[in-house]
Amino acid sequence: MMLGQIAIAALSVHSVAKSFGGARVVKDVSLAIKPGEFISLLGPSGCGKTTLLRMIAGLEQPDSGTIALGDKDITSVPVWERNIGVVFQNYALFPHMTVAENIAFGLRTRKTPRSAIEAKVRGALKLVRLDDFGPRSTEKLSGGQKQRVALARALVTDPRLLLLDEPLGALDRKLREQMQVELKMLQREIGITTLMVTHDQEEALTLSDRIAVMSDGRILQDDSPREIYERPRDAFVADFIGMSNLMKGRVADLDGNKQLQVSENVILKLPPNAMAATEISVFLRPEKLTLTELPGAAGSSLPGRIVHVSYSGSVTHCFVDVGLQKPLTVLITNRSNHDDAGPRIGDPIWVHWDARNIVML
Ligand code: ATP
C-alpha cells in the first residue's frame, strides 16, 4: 500500500505530559483515534483523564508533546479555532438563553448568516429528538433534556471531534442507560470521531470501539472492550474492569501439566502456555465459575462454603470461602424457578471452572 493511502488518524496525541504545581498528572501519553471511532478514557478519580481531555479541547496547554487533528498540529491553536465539540457532565448551558439560543451560540460567534443558523439549529434539535423545544427556557428541562441540548450545541458547528466529559454522570441509572443507547446510535449515525471520559466501566464497555484504561497519569491498556475485559494486561486493569478473582502463586510443571500452587491446599490447573517456575497472578471472572453440590476434578474445582449472597434481580453473586485470603466470587444467573430459594449462607458447595478461562497476567 502506498503511504498516501494510509488513513490519517482523526486525532493523534503524542507523548503529552502535564504537571500542576510540580505534580505530574499526565505522563507521556500517546493515543491515536481513527475517523469515526468512539474511544473511552476510563480510570479512577484523579488519574488524569479530564486533564488529557482538556488539553485536547485546548482548555489546558501541555508541558510537552503534540496534539494533531488529522494532519494539522493543533498543540498551540486556541480553543475557539480547533472546531472540537465538548459536552460536560454539568451541561454548562447558558441559563438565561432559550434552548435554541444556547444551540445557536457557537454559530453566532462564528458569524454564521442568520438563515443558516435557523436551519442548523432546527437540524440539531431534530438530531437529539427535541424538535419543538427551541423556544423553551433551559432552566425547566429535565437532566436528560439538558444533556441533549448540550449535545446539540456541541454538534451544531459540525466539529471534527466530539469530546464528552462524564456526559451521563449526572443522570439517574435508568435514564443513563437510555441515553447511552441514544448517544451510541447518534454517534454511529453521524459518524463523528468521539472521545469520552468516564469512570463508569459499564458505560465504557457499552459505548466504545476502544477503551484506554488510565491509572496515575498513564494509559495502561488501549484495546477493544472485549480484549480489555477478557484479556486485561495487568492486575490493575483486571480489577478495575468488572469483578475478578485474583490469585497469586508459583507455576509448577508436573510431566508437562502446568499447575499453580496458590496455597497449601489450593492448586489450579493452568493452560499449557504457563511458564514453569515463575511467580504469576491469575484471575477468573465470576461468570466463568459454576457451583454444584457434587465434587469436581482436582485442579479445576474447589470445595468451599458460601459466606455471603448478594441478590440483584437477574443475577446473584455468591461469595465462597475456599480457604484463600479472600472468598471467590461466583456469578449465577437467576434462571431457576421463582420458588427456588437459591444459594444460602452456610451451604457447603463446590466451585468449578474450565482451566481455559484462567487469565494469566
Ligand atoms: P475525576 O474523575 O475525579 O475528574 P480525573 O481522572 O479526570 O478525575 P483530573 O481531573 O485530570 O483527574 O485530575 C488529575 C489530578 O490533577 C488531580 O489530582 C487534580 O486534583 C489535579 N488537577 C487537575 N486540574 C488541576 C488544576 N487546574 N490545578 C491544580 N491541580 C489540578
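Which residues does Ile103 touch, not counting residues up to four places away in sequence? I looked this up first. Ile103 touches Val121, Ala124, Leu125, Val149, Ala152, Arg153 and Val156. Contact here means heavy atoms within 4.5 Å.

**Ground rules.** I am reading a predicted model, where local features need pLDDT of at least 70, side-chain atom pairs count only at pLDDT 80 or more, and totals for chains, interfaces and linings use all residues. I number residues from 1 along each chain as its sequence is written, and side-chain values use heavy atoms, with hydrogens and water left out.

**Cores.** I looked for nonpolar cores (buried Ala, Val, Leu, Ile, Met, Phe, Trp, Tyr and Cys residues joined through side-chain atoms within 4.5 Å). Buried means under 20% relative accessible area, exposed over 50%, and partly exposed in between (1.4 Å probe, protein chains only). The largest core has 33 residues. Ile103, Leu151, Leu162 and Leu164 have the most contacts inside it. Among the elements giving two or more residues are helix 2 (99–109) and strand 7 (161–165). Helix 4 gives the most, with six residues. I also noted a second, separate core of 26 residues, including Leu41 and Val77.

**Strand 14.** Next I checked residues 279–284, which form strand 14. Helices (H or I, at least four residues) and strands (E, at least two) are DSSP runs, numbered from the N terminus. Five of the six residues in strand 14 are buried. Strand 14 pairs with strand 11 (residues 245–254) in the antiparallel sense over six bridges; pairing requires at least two DSSP bridges. Val282 stands opposite Met247. Strand 20 (residues 359–360) also pairs antiparallel with strand 14, over two bridges. There, Val359 is the bridge partner of Phe283.
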